[in-house]
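Trainee: Hi, could you walk me through this one?
Mentor: Happy to, let's look at it together.

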Amino acid sequence: RFLNHLKEDDVACEEAVSNSDLMLFHSLKPLLKKNRDRTLSSVLLESKLGADLSIIRDSILIGCSDRGSAHFCLDLGNTMFVFSAAVDATAVEEECAAMFVDLRKSFFLLSKSEAPLVSQALLRWHQTHRFCSFSGKPTKRNRSGSQRFTEGSKVIHYPQMSPVVIALVHDGSRCLLGRQASFPPGFYSALAGFCDMGENVEETVRREVAEEVGLEVQSVTYSCSQHWPFPNSSFMIGCFAAISPAHSQLSVDHSELEDARWFDLRQIQAGLKIAPPKKGDPVVTWFPPRHAIGQWLIAEWAEQQRHHLT
Ligand SMILES: NC(=O)C1=CN([C@@H]2O[C@H](COP(=O)(O)OP(=O)(O)OC[C@H]3O[C@@H](n4cnc5c(N)ncnc54)[C@H](O)[C@@H]3O)[C@@H](O)[C@H]2O)C=CC1
Ligand SMILES: [Mg+2]
């Protein structure tokens, strides 16, 4: 309720800023502390940003803690500031003993509790929705940043995300993983695809699996979901898709997937132990890293399979 109140009430939101944590970004890169387990650097504004605190009015509400303090974020490299000019990244890094780190990299470096904060930052949506798609006129944001609108118009724009299914196909003793040509070398994950307009989750899973690997799904069960901020906002819906072992012959559509393979429990358990390789390392088969819904699905299947066998 507190969060919703701040979203709706511009005055309350403005008051909350002075008593809140502010996550800094520069050109969409979050500021991370330089300590060993990387954490987000939330800052004391007066010391870090110099005298020009008007810049805080460009910040965006991203959530609140259980103790009722709000979290805001601010992109210091934003070229469309309303109240201030862009701030020099190096000066802030030095002052905070921290670094602006690529969004995708940060997501995997951060802890399970902090990673979602990075996804919740609506910065990219604001930067790419500066004009109304009905009238073509410039849009403004409300104080919290939960919506954009054009003065004198009733049309309100809310942040958008695309629903995507990610399905771990299994045949009773093996699970299926695939890789797109654009994936890093050796990386395999569950099959994924955007929901078409009018489809339900089961229909998307059946269509995507049939399109990508030519298999007929017998049943779909929901497992978990995750907001995925790359490259744009997707809402990932994680499912298991059962197929008959008698009909497990793959017919891979190579325009979508470079490769798809069946993995047994032993191969999955070994793959889950492999850390994401660094540039120049020999190519090994590895699976989605921590915080990725792909890994949750693979780990859940392995756990179920282990119980099944014991
Ligand atoms: N967390 C994970 O482990 C994984 C996440 N993913 C994510 O899932 C998403 C979808 O996976 P894909 O196999 O690429 O989808 P896909 O199999 O539906 O193919 C992508 C194509 O779908 C079309 N498309 C339809 N609606 C779209 C929309 N709203 N936005 C963009 N393209 C749209 C485009 O032509 C695009 O080239 C990707 O953005 C990727 O980031 C994919 C695999 C693993
Ligand atoms: Mg796909």
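Trainee: Which strands make up the open sheet, and in what order?
Mentor: Three strands form it, in the order 6-7-8, with antiparallel pairing. Strands here are DSSP E runs of at least two residues, helices are H or I runs of at least four, and both are numbered from the N terminus. Two strands pair if DSSP finds at least two bridges between them. The edge strands are strand 6 (140-141) and strand 8 (156-157), each pairing on one side only.

Trainee: How many bridges are there between strand 6 and strand 7?
Mentor: Two bridges, in the antiparallel sense, and strand 7 covers residues 148-149. R141 has R148 in strand 7 as its bridge partner.

Trainee: Where do these numbers come from?
Mentor: This is a predicted model, so local features need pLDDT of at least 70 and side-chain atom pairs count only at pLDDT 80 or more, while totals for chains, interfaces and linings use all residues. Residues are numbered from 1 along each chain as its sequence is written, chains are lettered from A and ligands numbered from 1 in the order in which they are written, and side-chain values use heavy atoms, with hydrogens and water left out.

Trainee: How many helices and strands does the protein chain have?
Mentor: The protein chain has 10 helices and 14 strands. Of its 310 residues, 45% count as buried. Buried means under 20% relative accessible area, exposed means over 50%, and partly exposed lies in between (1.4 Å probe, protein chains only).

Trainee: What about strand 13, is it enclosed or exposed?
Mentor: Eight of the nine residues of strand 13 are buried, so this strand is largely enclosed by the rest of the structure.

Trainee: Which strands pair with it?
Mentor: Strand 9 pairs with strand 13 in the parallel sense over nine bridges, and there H170 has A242 as its bridge partner. Strand 12 and strand 13 run antiparallel and are also joined by nine bridges, with F235 in strand 13 as the partner of H227. A hairpin of five residues connects strand 12 to strand 13.

Trainee: New topic: what coordinates the magnesium ion?
Mentor: A192 (O) and E212 (OE) coordinate the magnesium ion (ligand 2), at 2.2 Å. Donors are N, O and S atoms within 2.8 Å of the metal (3.2 Å for Na, K and Ca), and since water is not among the atoms, sites may look incomplete.

Trainee: Where do those two residues sit in the chain?
Mentor: They link distant parts of it: A192 is in strand 11 (residues 191-194) and E212 is in helix 8 (residues 201-213), 20 residues apart. A192 is partly exposed, with a relative accessible area of 27%, whereas E212 is buried, at 4%.

Trainee: And helix 4, which residues are buried there?
Mentor: A89, V92 and C96 are buried in helix 4 (residues 89-96). They cover an arc of only 70 degrees around the axis, so they are on the same side of helix 4. That arc is taken from the directions from the helix axis to the C-beta atoms.

Trainee: Last one: where is S219, and how far is it from G198?
Mentor: S219 lies in strand 12 (residues 219-228) and is partly exposed, with a relative accessible area of 37%. S219 and G198 are 21 residues apart in sequence and 20 Å apart in space, C-alpha to C-alpha.
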